[in-house]
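Subject: Model handover

Hi,

Here is the model for your files. My notes follow below it.

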Amino acid sequence: MLNIKELYRRNMYGVMGTLIFHILLMTGFWIEELHFKIKTEKEETILLDFVLPPEKVDTPEPEKTQGNKNSTDQKNTYDQNMGSNRAVNDAMKKDKFFDASYKHDIEEAEKMVSNVNKQLSKKIPQTKKFEMPEAVTEGQNPDSIKNTIYSGKSNIHYFLENRFHVRLPIPVFLAKSGGSITVDIQVDRAGNVIKAEARSSNNLKDPMLPLYATQAAERTVFNSDQKAPSVQRGTITYRFVAQ
């Protein structure tokens with residue numbers, strides 16, 4: 001027992017040195033391993049930031065018979081998967097009902113334009129001028145001429161303040177049926193009727209009466225009066241006699 005203690009005492013520093021050496025050696029290995037792991041993780045992180053595209057894999061030629069069928073099925077599956085990632089413009093899809101309706105609308109619009117062009121290309125027919133007798137007061141004494149010259153049961157009455165007729169067409173015998181038409185007139189200072197418009201009248205058996213009355217009023221001439229309004233308004237009433 002004394003020999004062992006003596007032996008331990010003599011070799012104590014050597015044992016402690018050996019133990020410390022191994023501890024330092026193990027610590028060095030552990031630090032190196034830890035440093036290696038940290039370096040590896042950093043490299044992996046950097047690699048993730050710079051991922052290269054996958055290399056193109058050469059597709060082997062399809063085998064005949066059964067091999068071709070498998071290859072076709074794989075291609076269809078691939079196309080379907082790729083198709084799910086494609087953008088599709090639904091407006092490009094043809095709708096038979098929409099196409100037919102749109103075509104019909106276009107045709108109708110073209111017909112309408114064609115009809116309008118035909119109507120515009122037609123010459124506007126001139127209104128026939130009807131012949132009618134006239135009452136003329138030219139050369140008569142103005143003081144003896146009054147607008148009541150056709151008063152009473154007369155077929156023509158006009159009202160134009162302080163003016164008298166010089167030329168007065170008489171259309172009342174042109175109609176096949178009777179009726180009364182009043183025409184609003186506008187007269188200038190020279191005595192010319194610059195505007196004539198027949199009033200609407202109901203229960204007319206002859207639709208030509210307003211036209212006869214309007215033409216007669218347009219041809220009517222009154223005396224010149226420079227003191228009159230530049231546009232003087234009045235009326236002429238025609239009572240047509242059935243023939």
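What strand order does the open sheet of three strands have? The order is β1-β3-β6, and the pairing is antiparallel. β1 (134–136) and β6 (221–222) stand at the edges with a single partner strand each, so one side of each has no neighbour in the sheet. Strands pair here if DSSP finds at least two bridges between them. Helices (H or I, at least four residues) and strands (E, at least two) are DSSP runs, numbered from the N terminus.

Two notes on the basis. This is a predicted model: local features need pLDDT of at least 70, side-chain atom pairs count only at pLDDT 80 or more, and totals for chains, interfaces and linings use all residues. Residues are numbered from 1 along each chain as its sequence is written, and side-chain values use heavy atoms, with hydrogens and water left out.

β1 and β3 run antiparallel and are joined by three bridges. A135 has L168 in β3 as its bridge partner. E134 lies in β1 and R167 in β3, so the pair ties together parts 33 residues apart in sequence. The term means a side-chain nitrogen of Lys or Arg within 4 Å of a carboxyl oxygen of Asp or Glu.

Accessibility is classed by relative accessible area: buried is under 20%, exposed is over 50%, and partly exposed is in between (1.4 Å probe, protein chains only). E134 is partly exposed at 35%. R167 is partly exposed at 27%.

The whole structure holds two salt bridges. D184 and R199 form one of them, again with the closest N and O atoms 2.9 Å apart. That pair links D184 in strand β4 to R199 in the loop between β5 and α4, 15 residues apart. D184 is partly exposed at 31%, and R199 is partly exposed at 44%.

**Helix α4**

Helix α4 covers residues 209–219. Its buried residues are L209, Y212, A213, T214, Q215, A216 and A217. They pack against β3 (165–169), β4 (179–187), β5 (193–198) and β7 (232–240).

Take T214, which sits in this helix. At 15% relative accessibility, T214 counts as buried. Its side chain reaches the backbone oxygen of P210 at 2.7 Å. Leaving aside neighbours within four places in sequence, T214 is in contact (heavy atoms within 4.5 Å) with V183, A196 and A198.

**Aromatic pairs**

How many aromatic pairs are there? The count is three. Rings of Phe, Tyr and Trp (its six-membered ring) pair if their centres lie within 6.5 Å; planes under 30 degrees apart count as stacked, over 60 as edge-to-face and the rest as tilted.

F130 and Y212 make an edge-to-face pair, 5.0 Å centre to centre with 90° between the planes. F130 lies in the loop between α3 (96–121) and β1, and Y212 in helix α4, so the pair ties together parts 82 residues apart in sequence. Both F130 and Y212 are buried.

Y212 also pairs with F240: the centres are 6.3 Å apart and the planes are at 45°, so the pair is tilted. It links Y212 in helix α4 to F240 in strand β7, 28 residues apart. F240 is buried, as is Y212. Ring pairs join F130, Y212 and F240 into a cluster.

**Nonpolar core**

The largest nonpolar core has 27 residues. A core is a set of buried Ala, Val, Leu, Ile, Met, Phe, Trp, Tyr and Cys residues joined through side-chain atoms within 4.5 Å. V183, I185, F222, I236, Y238 and F240 have the most contacts inside it. The elements giving two or more residues to this core are β2 (156–159), β3, β4, β5, α4 and β7. The largest share, five residues, comes from α4.

I236 touches residues including I156, Y158, V183, A217 and F222, with those up to four places away in sequence not counted. Y158 stands opposite I236 in β7. β2 and β7 run antiparallel, joined by four bridges. Which face of β2 is covered? The covered face holds I156 and Y158, while H157 and F159 make up the uncovered one.

Best regards

Technical notes. Polar contact = N/O pair within 3.5 Å; in protein donor to acceptor, adjacent residues only side chain to side chain.
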